[in-house]
Structure formats: C-alpha cells, structure tokens
Amino acid sequence: MANLLDQTSEIENAVRLRNQQLKTLIDEHTQLVFNELSCLKQRHLENMETEVDEIELKMTILKSFETYCSEIKSKGSFSDVCSSVDELTRRSDNLKTENDEYLSRSDSAIEIQFSATDQGVFMTRSSNIIGQIEDMNHTF
C-alpha cells in the first residue's frame, strides 16, 4: 500500500510539473504573438503617420500656390498678371498631375488576422495535452 501511495504521489508531482511547463510554454507563445502584433501595429502606425505628413505637405504646397496666385491678382499690375499666366498655368498643371497621381494610388486596407492553432494538431480523443497515465494493464 505504501508503494501505491508513493507511486501516485510521484505521478501527481510529475503531472503538476508538466502542467506548469505547459502553462509557461503557453505564456511564452502568447507573448510572442503579442510582440508580433505590436510590431505590425507600430509599422502600420508609422506608415499612416508618414501618409499624414505627405498629405499635410501637399496641402501646404497647394495653399502656398493659392496665396501666390491671389497676391499676383490683387497686388500685381495687369502686365504682371499677364506675364505670369504661362508660369502659373504650368505650375497649376504640375500640381494637378501630382495630386491626381497621389489620389489614384491604390490604397489597400489594413487587415490583420489571428488564426488560432488547431487544437486537433495536439489533441485527439485518445490523448491529453498534459500527457497520459499508463498502467501496464490499462491506459486511461
């Protein structure tokens, strides 16, 4: 009887140890997934920030051109306006082309997915993730 108690006690300790090992492994793998997700998030946020900066720069350029045109119109002489038409038209066409190119870029939506590991890979009806207790006569 003492032998049975010693064996079951040793097995209980082994099961607890295996349980703790698996919990640790699961925690480590969870942290790896969170780290990967964090890196993806950071990369996309940086790309979005760059995009915002680019839009703000384009807006500044357009506003500057608009201000320049308004000043020529309001402060310039008839001769100044007439002599600037070709230059302003060329610059306006260039800005329109640049903006059209920018707006026609294909913006792909950000899509991040999580796929859980199939439990069937490591669990079947006849096995346990922790392990099995074996008796020389029976399998539990």
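Modeller: This is a predicted model, in which local features need pLDDT of at least 70, side-chain atom pairs count only at pLDDT 80 or more, and totals for chains, interfaces and linings use all residues. Residues are numbered from 1 along each chain as its sequence is written, and side-chain values use heavy atoms, with hydrogens and water left out.

Biologist: Why is the contact of Arg105 with Glu54 called a salt bridge?

Modeller: A salt bridge is a side-chain nitrogen of Lys or Arg within 4 Å of a carboxyl oxygen of Asp or Glu. The closest N and O atoms of Arg105 and Glu54 are 3.7 Å apart, so the pair meets the rule. Arg105 lies in the segment after helix 2 and Glu54 in helix 1, so the pair ties together parts that are 51 residues apart in sequence. Helices here are DSSP runs (H or I, at least four residues), numbered from the N terminus.

Biologist: How do you know that Lys96 and Asp100 form a salt bridge?

Modeller: Their N to O distance is 2.7 Å, which is within 4 Å, and therefore the pair qualifies. Both residues, Lys96 and Asp100, lie in helix 2, 4 residues apart, about one turn of the helix.

Biologist: What makes Lys96 exposed, and why is Asp100 called partly exposed?

Modeller: Buried means under 20% relative accessible area, exposed over 50%, and partly exposed in between (1.4 Å probe, protein chains only). Lys96 has 51%, so Lys96 counts as exposed. Asp100 has 38%, so Asp100 is partly exposed.

Key: Helix = DSSP H or I, 4+ residues; strand = E, 2+ residues; numbered from the N terminus.
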